[in-house]
Amino acid sequence: MSFDQLGLSDKVQAAVATSGYTTPTPIQEQAIPHVLQRRDVLGIAQTGTGKTAAFTLPMLTLLEKGRARARMPRTLILEPTRELAAQVEESFEKYGKNHKLSMALLIGGVSFDDQDAKLTRGVDVLIATPGRLLDHFERGRLLLSGIEVLVIDEADRMLDMGFIPDIERICKLTPFTRQTLFFSATMPPEIQRLVGQFLTNPIKIEVSRPASTVDAVTQILVSSASDPAKKREILRALIRAETNIKNGIIFCNRKTEVAKLHRSLVRHGFSAIALHGDMDQRSRMNALESFRKGEVTLLIASDVAARGLDIPDVSHVFNFDVPHHAEDYVHRIGRTGRAGRAGASFTIASSADGKSVAAIEKLIGRKIEWKDAPAPVEDSAPRKTEHKGRRRERDNKRAAPAERTEDGRERADSRPPQEREPRRPQRQPVEPSGDAVASHLPAFLLRPVPVKAG
Ligand code: AMP
C-alpha cells in the first residue's frame, strides 16, 4: 500500500513525499480512508505507531474545503501535555506546508494575548491542552460551536492526569454532529465509557507498536544500594563503560531527583540536560530541542515530563529508579530500539525494588538479566558517623537517603530503610505541568503511622 491509494489530496501527498515517507504505517493505512469519509475513529495505539499523521493528513485534506471564522475554530485537537501539543503543531506545519491554513496552540506557560490575537483572526486548527482551552472559553474568547473535527489524543494519559471531567465538558461544548477521532494506548473502563458516550458508531483500529519494542531492546538490571549517591556512582560507571552511546534518556521517579541527578552529572563533566515539570515552558522546549539536535548527549527526565514525546533514535535508556508502575517501564524502554534499531536499557535496582521488578517481569513476560548479582539485602547496621574532614564524600552525605528525606530534612524514623514500611506508590491526578504528586507531599505525610493495638 502506498500513500496515493488512501484518498489524500495532492497537496498533502506532496508534503508526505517531501518528508520522505513512502509507506503508510498500519494505523495510517487503516484510519485515513475512514477519516476522509467522516467516520468516527477509535484508534488503540501508542506513540511511535505514526498515529499523529494518521489524523493530521486526512484532516488537512478535509480542511481544504471551507474557511475559518473569527473565534470559531474548525477543528480541535486535545493533548495531555504542552510538549505533545507542540509536537502535533510541528506535524501540521510539516504536512501542511502546501496549505494556507491558520493554526493556534493553546497551552499553559504561553501569553494569553498572543493566543487570543490568533483566535480573533480565525483558526482552522486549534491544538490545546484541556485546562488552557477552558480558560479561553470561560473568558468568552472562543466558541466551540464551529468544530467539525475533534481529536482526543492520548486519552489514557488524560485519565492519569485527571483531565476526564474537562474532556467531557469540552465534548459537550462542541456540536454533536462533529466527527470525533479518539486515540488511546490502553482502554481502561473510564475510557470505554467516554468512547460510548461521545463517539458515534466508530471504526475501531488496534495496532501494536512496531517490531515489539521490548524484544528489540537489550535489558539489564544493575544492582545497587538504595542510596542515591551510590546509584549516581553506578550510573556514571555504566555510562562510561558503554562506548557506543549516541544519546540516552535517564529516567527518575521524582522531579526532585531529576534536578539533583542533572546537577551531579554536569559536575562530573557529562553532557546532560534535565526535563521536569517544574521547568517553565521555554526551558522545557529548549532542553528537548538541544537533545533532539544532539547538542547534549543525556536527557534526564521524569515519566510525566517525557510522556509521549517523540524523540527518535535514542541509543540508551537508563532507569535511575525502577518505576513504580510496570507500564511505565515499557514506555521508558520503548524510547530506544525504535524502527528496528538496536537499543540498550539499564535499570538500577536495589533490594527494596524487588516487588516492582517482579511486576515488570510479569508484564513483559520474561526475566530481566542482572549485570552481576541481584541486589543484596542491605546491611541494617547503623551507619558510623562520618569523619568531618572527608570532603570528597560531601556530595554523597548530603543525599544519604536512609537518614534524610527528599528535601534534605532529617527523618525522624531512624530505622534502616528495609525495616520501614514501603511507601505505597500512588496513582493520583496530577497538574498538567506537574510531576508525581508524591513529590509535593511533605515527608511526614508519607511516613507510616503507628497504630496502637486495642
Ligand atoms: P507518532 O506515533 O505519530 O508519534 O509518530 C512516530 C514517528 O514516526 C514520528 O517521528 C513520525 O515522523 C514517524 N512517521 C510517521 N509516519 C511515518 C511513515 N509513514 N513512515 C515512516 N515514519 C513515519
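1. A residue is called buried here when its relative accessible area is under 20%, exposed when that area is over 50%, and partly exposed in between, with a 1.4 Å probe and protein chains only as cover. The model is predicted, so that local features need pLDDT of at least 70 and side-chain atom pairs count only at pLDDT 80 or more, whereas totals for chains, interfaces and linings use all residues. Residues are numbered from 1 along each chain as its sequence is written, and side-chain values use heavy atoms, with hydrogens and water left out.

2. On those terms, both Asp-160 and Arg-157 are buried. The two residues form a salt bridge in which the closest N and O atoms are 3.4 Å apart, a salt bridge being a side-chain nitrogen of Lys or Arg within 4 Å of a carboxyl oxygen of Asp or Glu. Asp-160 and Arg-157 are three residues apart in helix H7 (residues 155–160), and therefore about one helical turn separates them. Helices (H or I, at least four residues) and strands (E, at least two) are taken as DSSP runs and numbered from the N terminus.

3. The structure holds 17 salt bridges, and one of them joins Arg-74 to Glu-148, with 3.4 Å between the closest N and O atoms. Because Arg-74 lies in the loop between helix H3 (51–63) and strand S2 (75–78), while Glu-148 lies in the loop between helix H6 (130–138) and strand S5 (149–152), this pair ties together parts that are 74 residues apart in sequence.

4. Asp-321 is placed in the loop between strand S12 (316–319) and helix H15 (326–333) and Lys-231 in helix H11 (residues 228–241), so the contact ties together parts that are 90 residues apart in sequence. Asp-321 counts as buried at 12% relative accessibility, and Lys-231 counts as buried at 9%. Elsewhere, Lys-51, Asp-153 and Glu-154 are linked in a network of salt bridges.

5. Around the ligand there are 14 residues, and the closest are Tyr-21, Gln-28, Gly-48, Gly-50 and Thr-52; a residue is near a molecule if one of its heavy atoms lies within 4 Å of it. This shell divides into three nonpolar, eight polar and three charged residues, where Ala, Val, Leu, Ile, Met, Phe, Trp, Tyr, Cys and Pro count as nonpolar, Asp, Glu, Lys and Arg as charged, and the others, Gly among them, as polar.

6. How do ligand oxygen atoms stand to particular protein atoms? An oxygen atom of the ligand is 3.0 Å from a polar backbone atom of Thr-49, and an oxygen atom of the ligand is 2.8 Å from a polar backbone atom of Gly-50. Taken alone the ligand exposes 500 Å², of which the protein buries 77%, the areas coming from the Shrake-Rupley method with a 1.4 Å probe.

7. Seven strands form an open sheet in the order S10-S11-S9-S12-S13-S8-S14, with parallel pairing; two strands pair if DSSP finds at least two bridges between them. Strand S10 (272–275) and strand S14 (369–370) stand at the edges, each with a single partner strand, so one side of each is left without a neighbour in the sheet. Within this sheet, S12 and strand S13 (residues 343–349) pair in the parallel sense over four bridges, and Asn-319 stands opposite Thr-347 in S13.

8. Strand S3 (residues 103–106) points Met-103 and Leu-105 one way and Ala-104 and Leu-106 the other way, and all are buried. In a regular strand the side chains alternate between the two faces of the sheet. S3 pairs with strand S4 (residues 125–128) in the parallel sense over four bridges, and the bridge partner of Met-103 in S4 is Val-125.

9. Two backbone angles deserve a check. Most residues other than glycine have a negative phi. Arg-38, although not a glycine, has a positive phi of about 70°; Arg-38 lies in the loop between helix H2 (26–36) and strand S1 (41–44) and is partly exposed, with a relative accessible area of 41%. Arg-71, also a residue other than glycine, has a positive phi near 65°, is found in the loop between H3 and S2, and counts as buried at 19% relative accessibility.

How values were computed:
Polar contact = N/O pair within 3.5 Å; in protein donor to acceptor, adjacent residues only side chain to side chain.
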